[in-house]
Number of protein chains: 2
Amino acid sequence: MKRVYNFNPGPATLPLEVLQEAQAEFLNFGDSGMSILEISHRAKPYEKVHNQAKADILELMDLGDDYEVLFIQGGASLQFAMIPLNFATKENPGSYAVTGTFAKNAYKEAENLGVAQLAASTEAEIFRRVPAQSELNIAQNAAYFHICNNNTIFGTEFHYVPETGAVPLFADMSSDMLSRPWDFKKFSLIYAGVQKNLGPAGVVIVVVKKSLVEKSLPTLPTMLRYDTFYKKNSLYNTPPAFSIYMVGKVVAWLKAQGGLAEIAKRNARKAEILYAAIDESEGFYTGHAEKNSRSLMNVTFRLPNEELEKKFVAEALENNLSGVKGHRSVGGMRASIYNAMPIEGAEILAEFMKKFRRNA
Amino acid sequence: MKRVYNFNPGPATLPLEVLQEAQAEFLNFGDSGMSILEISHRAKPYEKVHNQAKADILELMDLGDDYEVLFIQGGASLQFAMIPLNFATKENPGSYAVTGTFAKNAYKEAENLGVAQLAASTEAEIFRRVPAQSELNIAQNAAYFHICNNNTIFGTEFHYVPETGAVPLFADMSSDMLSRPWDFKKFSLIYAGVQKNLGPAGVVIVVVKKSLVEKSLPTLPTMLRYDTFYKKNSLYNTPPAFSIYMVGKVVAWLKAQGGLAEIAKRNARKAEILYAAIDESEGFYTGHAEKNSRSLMNVTFRLPNEELEKKFVAEALENNLSGVKGHRSVGGMRASIYNAMPIEGAEILAEFMKKFRRNA
């Protein structure tokens with residue numbers, strides 16, 4: 001079977017074992033005589049999948065009964081609006097660190113509603129780094145402080161959990177959720193579009209303190225209220241069942257690998273291999289991110305000129321290395337090395353980088 | 001391979017050939033070396049699938065260039081809010097026919113925003129029928145008139161297209177879109193959660209006149225504005241790619257069957273078989289819907305008592321007939337016979353009904 005190393009930023013590579021398992025049972029889910037695509041979301045076999053996925057997510061994050069897992073559609077982009085709609089007011093605005101495209105989109109969504117406060121921005125530095133704790137000007141009356149934990153496009157990542165005092169900490173973890181053990185308890189709300197580290201596109205996981213979502217504003221439309229999802233176990237209407245089923249398989253796979261501690265080791269090793277290939281290239285490859293903000297998920301770098309960059313992308317593909325082209329707003333290359341990318345993939349890419357440089 | 005006759009109301013049965021095709025290419029989509037779950041939504045092979053699905057939907061509906069197909073997440077339930085948010089005001093409210101649970105939910109969502117006008121309701125008659133044209137009191141200043149074309153829970157369906165004068169006609173067709181040729185041109189906006197007739201859960205198809213969605217209110221959050229989807233070909237953020245891919249396969253299958261004219265014949269035949277089993281039962285089975293409002297998609301009926309109803313569900317399952325239990329708000333039975341249910345399935349269920357009655 002043909003299989004490439006897929007460095008796309010999302011949708012992204014998934015564990016091969018997970019795909020094979022889903023394929024094998026695609027026509028007959030749990031001996032029901034139906035595909036998982038055809039089974040009722042009110043049926044017990046589906047409900048078991050749904051609830052097991054929730055339990056496994058909390059277990060991997062080492063979170064207890066005071067947190068709930070919600071499954072919501074619309075992507076992280078809809079969360080950018082739901083969060084201020086549910087939690088922010090003019091008196092108690094949402095406070096934002098703007099560290100990349102998606103962090104800025106989240107901020108703009110709150111700003112459009114007139115309920116945003118800017119705590120920090122690294123835009124003037126083309127988002128080469130995330131701000132330090134000392135640079136965060138979080139309004140004391142803020143309803144929450146929002147960060148984007150990993151900035152997919154620019155290849156930067158928070159390597160500390162911001163201290164926010166009494167202000168609840170919210171994070172978009174779309175591109176690094178469940179990639180390492182983390183002090184998740186310090187967060188009140190974490191969300192992630194699953195199509196990077198956790199499954200196929202179509203669902204957002206929201207992990208949230210129950211106390212925050214027990215009751216939402218009744219003036220909000222039903223599907224924009226967190227309590228709609230909380231009270232009905234994310235089954236108020238038909239959920240994106242197949243995406244949730246795949247997320248369930250991916251988190252079970254994560255547990256079987258040894259959980260977040262083990263996957264973090266592999267992720268660190270992959271990042272180390274690729275950053276070494278950049279740092280040892282005598283300036284042929286230049287990383288976009290500042291070293292202490294480097295992402296373990298998305299490695300961004302430039303080549304000496306755009307012509308070489310085009311050649312790099314084309315030759316990489318000939319070598320079975322797909323999706324290494326960077327985002328147009330940064331240019332250059334980006335290698336996304338999420339949980340499901342094997343160490344071998346990073347090794348082969350690093351070898352290719354060395355060979356390409358020698359031949360350039 | 002075990003396969004049941006699946007009469008569930010949604011998620012629902014899909015064409016077996018479509019499932020087999022998806023299974024066969026599950027690990028290697030279009031020789032890309034990736035699963036369809038892993039491929040970038042910006043990649044050409046995905047874009048082709050996306051655009052072909054759109055074109056096929058318009059072709060099946062016999063609609064031209066003045067209509068656009070949008071793919072939106074959140075279910076029909078999110079459309080219940082997006083429609084009034086985008087189109088209704090206090091001066092020009094949305095006008096609603098309340099003909100079932102989902103029609104009422106749509107109305108309530110507009111009412112919660114203070115922009116609803118009630119044109120008709122059959123709730124006092126437990127939604128046994130849809131209103132006649134003469135019963136529709138559509139406000140002349142209405143921004144739109146909204147119907148639910150087929151009422152899944154109660155088993156009723158509009159068999160005429162309401163005349164609305166200058167008021168644009170909107171319809172939730174979640175449970176009967178593409179089940180028959182219809183005068184779709186009389187509608188300005190049609191939407192359907194795909195998990196009944198058109199694919200696996202996870203996406204809503206919105207077919208809308210372009211003139212309506214070229215520019216939305218800038219005060220609305222990005223993901224609640226129709227123009228966000230229109231301007232970006234429903235690729236503003238990561239779409240639910242797998243659901244759209246499956247919809248593409250289902251509409252291609254529909255075309256290969258002979259299009260809506262052919263599928264309508266089969267659907268009419270299935271409904272005829274089951275309604276005959278009810279009407280010829282000498283009162284053992286009683287239909288919920290009035291005859292001239294009977295749905296061709298969902299056949300609802302009661303048995304003489306609840307004990308027999310329980311027995312019916314259990315014995316049906318033993319006979320490989322799954323999902324015949326009705327919704328709790330109506331009770332009794334419901335057989336959903338969407339496009340993908342073979343005529344054979346209706347015949348076997350009708351036979352079972354006769355046998356069950358003889359033995360009762």
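So, the area buried between chain B and chain A: about 4,800 Å², with carbon and sulfur atoms giving 58% of that. Buried area here is the accessible area, with a 1.4 Å probe, that two parts lose on being put together, summed over both. This is a predicted model, where local features need pLDDT of at least 70 and side-chain atom pairs count only at pLDDT 80 or more, while totals for chains, interfaces and linings use all residues. Residues are numbered from 1 along each chain as its sequence is written, chains are lettered from A, and side-chain values use heavy atoms, leaving out hydrogens and water.

Who takes part? Chain B brings 60 residues and chain A brings 60 residues to the contact, contact being heavy atoms within 4.5 Å. Between the chains there are four salt bridges, each a side-chain nitrogen of Lys or Arg within 4 Å of a carboxyl oxygen of Asp or Glu. One salt bridge joins Glu38(B) to Arg3(A), with the closest N and O atoms 2.8 Å apart.

Okay, now the sheet in chain A. It's open, with seven strands in the order β2-β10-β9-β8-β5-β3-β4 and mixed pairing; strands are DSSP runs of E, at least two residues, numbered from the N terminus, and two of them pair if DSSP finds at least two bridges between them. β2 (67-72) and β4 (116-121) of chain A sit at the edges with a single partner strand each, so one side of each has no neighbour in the sheet. Further in, β8(A) and β9(A) pair in the parallel sense over three bridges, and Asp172(A) has Tyr191(A) as its bridge partner in β9(A).

Technical notes
Helix = DSSP H or I, 4+ residues; strand = E, 2+ residues; numbered from the N terminus.
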